[in-house]
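Trainee: Could we go through this structure together? I'd like to see how each label gets decided.

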Amino acid sequence: MTDLPLACTLSAADGADRSRRWRQLAADAAPVARRTEGRLEVRYQPGPGVLDELRALAAGEAECCSFVAWVVTEQAGNPTLVVSAPAGQPDLIEPIATLFRV
């Protein structure tokens, strides 16, 4: 796993569960990720529970990875996650983009 800029506040068990949920969401909703400087956009295919799970996961990440902004929207019917680094610190998005294989 890539080193993140700040220590993760999740326990090992919670981290494993969160990772499992992200992998399951990816398996269920075939995300397409795109990275630009300081910004990551991950667009998921719509389906039952996809938007709710994405919102729940992003809210959890916003607590432990608050050094970036986590926003969930719908774009053209697709649940979409946008992770943004603060102005002047675009490199903070890199380790998160790597987790999404971008």
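Mentor: Helices (H or I, at least four residues) and strands (E, at least two) are DSSP runs, numbered from the N terminus. This is a predicted model, where local features need pLDDT of at least 70 and side-chain atom pairs count only at pLDDT 80 or more, while totals for chains, interfaces and linings use all residues. Residues are numbered from 1 along each chain as its sequence is written, and side-chain values use heavy atoms, with hydrogens and water left out.

Trainee: Why is Glu41 called buried?

Mentor: Buried means under 20% relative accessible area, exposed over 50%, and partly exposed in between (1.4 Å probe, protein chains only). Glu41 has 9%, so it counts as buried.

Trainee: What makes Arg34 and Glu41 a salt bridge?

Mentor: The rule wants a side-chain nitrogen of Lys or Arg within 4 Å of a carboxyl oxygen of Asp or Glu. The closest N and O atoms of Arg34 and Glu41 are 3.5 Å apart, so the pair passes. Glu41 also forms a salt bridge with Arg43, at 3.3 Å. Salt bridges that share partners join Arg34, Arg39, Glu41 and Arg43 into one network.

Trainee: And which label do Arg34 and Arg43 get for accessibility?

Mentor: Arg34 comes out at 49%, so it is partly exposed. Arg43, at 27%, is partly exposed too.

Trainee: How do you know that Glu41 and Arg39 make a polar contact?

Mentor: A polar contact is a pair of N or O atoms within 3.5 Å; within protein, one must be able to donate a hydrogen and the other to accept it, and residues adjacent in sequence count only if both atoms are side-chain atoms. The side chains of Glu41 and Arg39 are joined at 3.3 Å, so they qualify.

Trainee: Where do Asp17 and Arg20 sit, and how many residues apart are they?

Mentor: Both are in helix α1, three residues apart, about one turn of the helix.

Trainee: What makes a set of residues a nonpolar core?

Mentor: The members are buried Ala, Val, Leu, Ile, Met, Phe, Trp, Tyr and Cys residues joined through side-chain atoms within 4.5 Å. The largest one here has 24 residues, and Leu25, Trp70 and Val83 are among those with the most contacts inside it. Helix α2 gives the largest share of this core, six residues. In soluble globular proteins, nonpolar side chains tend to be buried together.
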